[in-house]
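Open the model and keep the sequence beside it.

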Amino acid sequence: MNVLPTDASFIMTTNCNNRCKYCFVHKFGHEVIKDEVITDGIDYLLNNAKKAGKKSINISIFGGEPTLVPEKIDILLTHAFKRQNETGIQCQIGLITNGVYVSEKLKKLIIKYKDKLNFGVQLSCDGNRETHDMYRVRENGEGSFKYVEKNIKIYKELFKDSPQQFSVHGCLNKQSLPHLFENYKFFREGCGIERIWFMPVHEEQWDINDVGIYREQLKKISDYILDDMIKNKRIDELKNFSPLSKLLEGRSWVNPPCNAGKTYISIIPNGDIYPCHHFYFNDFKGEMRIGSLYEGIDDEKRKPFLKLKNEEMEGCGQCECYNCYRCLGANYMVNGDIKKQIRGHYCEMAHVEHEICEYMKEKATELSLYQDKNSVASFTIDESLDVLAQAMKVLFIEVDEMKTNQKQIIKNQNEMLKIIKG
């Protein structure tokens with residue numbers, strides 16, 4: 001089956017106004033995406049979606065720092081909306097930003113397209129001033145929090161009627177890890193942000209002490225969320241916090257670990273295509289380039305991604321930590337092989353997430369707020385009736401087959417009697 005890319009990150013510029021100490025971007029520059037690459041890239045994804053029978057495409061506006069080129073964001077949103085109307089295929093678009101700069105043009109674009117294109121913003125921020133400024137610094141080494149703090153208020157106002165379209169993503173490192181619960185509350189209570197996502201940096205040199213700290217901090221967050229579940233009889237807070245929200249996805253293995261190089265690609269400023277932005281920014285020889293908008297995509301180069309299955313991931317197999325975060329780009333960067341999973345204490349932290357998720361699943365079930373997707377009890381009435389109908393259909397088929405077989409047996413017996421009598 002020919003699997004076509006229908007989702008992509010667009011590298012709007014390789015320039016950035018921050019120099020975060022842990023960033024995987026190691027080749028900054030001043031390249032800016034060409035206008036025709038933007039429009040041709042959108043058309044490419046929409047054509048693929050039409051061929052694949054999909055009703056939507058997903059686009060991440062990425063960098064560098066994309067807010068440095070608001071005029072390019074304007075071209076992308078304008079063309080996406082135009083083509084969405086022409087094709088009937090929904091374009092869902094998200095902006096990934098460090099939050100340092102918000103232009104007047106960007107504010108107007110958010111107001112214009114947040115509903116038309118389900119246009120949302122993901123803010124990369126690690127927590128309060130003390131935590132954020134440990135790693136997220138400007139080119140001169142100055143902390144960037146003072147700029148982000150005022151812009152959080154701007155984004156909150158822009159998305160006041162649709163708060164789920166504004167989220168925050170914090171990176172966890174050895175120094176910030178002990179402040180995880182504190183920073184969760186900073187975002188949730190201090191900033192009033194609903195959707196919060198924290199993730200340990202794959203490439204960090206974690207140790208056994210960090211694993212214990214992570215367990216302690218996640219347990220505090222889970223208890224905080226549990227208090228809300230008990231008090232308000234809802235699981236909204238659980239749905240809005242990752243990694244604990246993973247428990248709601250049910251027990252399933254994701255094959256492949258992510259869709260990089262398969263249904264998801266990165267389109268860089270000159271129109272070349274990479275499996276994802278992580279590969280592009282860490283591939284200095286162009287070895288992971290898998291095509292371009294103008295030469296086409298090379299399925300031979302994509303083969304390792306197209307055929308990748310969970311059981312091929314070194315060290316994963318049928319590990320109990322289903323739905324854990326695994327990054328093929330980070331595997332390539334650290335181990336030189338997309339199948340060679342980063343393990344060690346990072347894997348142990350994934351086990352901590354699994355442990356806390358199972359704890360929360362048990363508590364949510366006790367409160368009648370959750371039903372395991374893998375249990376029979378989780379079926380709705382309509383789903384149960386459908387299952388019953390299918391079972392009855394199979395039963396009737398089997399009964400018909402039995403009747404047919406019985407007739408054949410009687411016929412064979414009569415034939416034998418004729419032979420014996422003859």
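Strands E10 (residues 291-292) and E11 pair in the antiparallel sense, over two bridges. Here Gly291 stands opposite Ile297 in E11. Two strands pair if DSSP finds at least two bridges between them. Strands (E, at least two residues) and helices (H or I, at least four) are DSSP runs, numbered from the N terminus.

A word on the source. This is a predicted model: local features need pLDDT of at least 70 and side-chain atom pairs count only at pLDDT 80 or more, while totals for chains, interfaces and linings use all residues. Residues are numbered from 1 along each chain as its sequence is written, and side-chain values use heavy atoms, leaving out hydrogens and water.

Now step back to the sheet. Eleven strands form an open sheet with mixed pairing, in the order E7-E6-E5-E4-E3-E2-E1-E8-E9-E10-E11. Its edge strands are E7 (241-242) and E11 (296-297), each pairing on one side only. Helix H1 (residues 35-52) packs on the sheet. H1 touches E1 (7-11), E2 (56-62), E3, E8 (264-267), E9 (272-274) and E11. Contact means heavy atoms within 4.5 Å. The direction of H1 makes about 175 degrees with that of E1. Axes are lines fitted to C-alpha atoms, for helices over the stretch in contact, and angles run from 0 to 180 degrees between N-to-C directions.

Move along to E4 (residues 120-124). Ser124 stands opposite His169 in E5. E3, helix H3 (residues 104-113) and E4 make a right-handed β-α-β unit. Right-handed means that, with the strands pointing away from the viewer, the path from the first strand over the helix to the second runs clockwise.

The largest nonpolar core has 82 residues, and Phe10, Leu76 and Leu77 have the most contacts inside it. Helix H7 (residues 208-232) gives the most to this core, with eight residues. A nonpolar core is a set of buried Ala, Val, Leu, Ile, Met, Phe, Trp, Tyr and Cys residues joined through side-chain atoms within 4.5 Å. What does Leu77 contact, leaving aside its neighbours within four places in sequence? Its partners are Ile61, Ile93, Leu109, Tyr113, Leu117 and Phe119. A second, separate core of 18 residues includes Ile11, Phe281, Cys316 and Leu328.

Finish with the loops. Gly64 sits in the loop between E2 and helix H2 (70-87). The peptide bond from Gly63 to Gly64 is cis, with omega near 25 degrees. Asn118, in the loop between H3 and E4, has a positive phi of about 50 degrees although it is not a glycine. Asn118 is partly exposed, at a relative accessible area of 36%. Ser368 also has a positive phi, near 60 degrees. Ser368 lies in the loop between helices H12 (345-366) and H13 (381-421), and counts as exposed at 67% relative accessibility.

Note on methods:
Buried means under 20% relative accessible area, exposed over 50%, partly exposed in between (1.4 Å probe, protein chains only).
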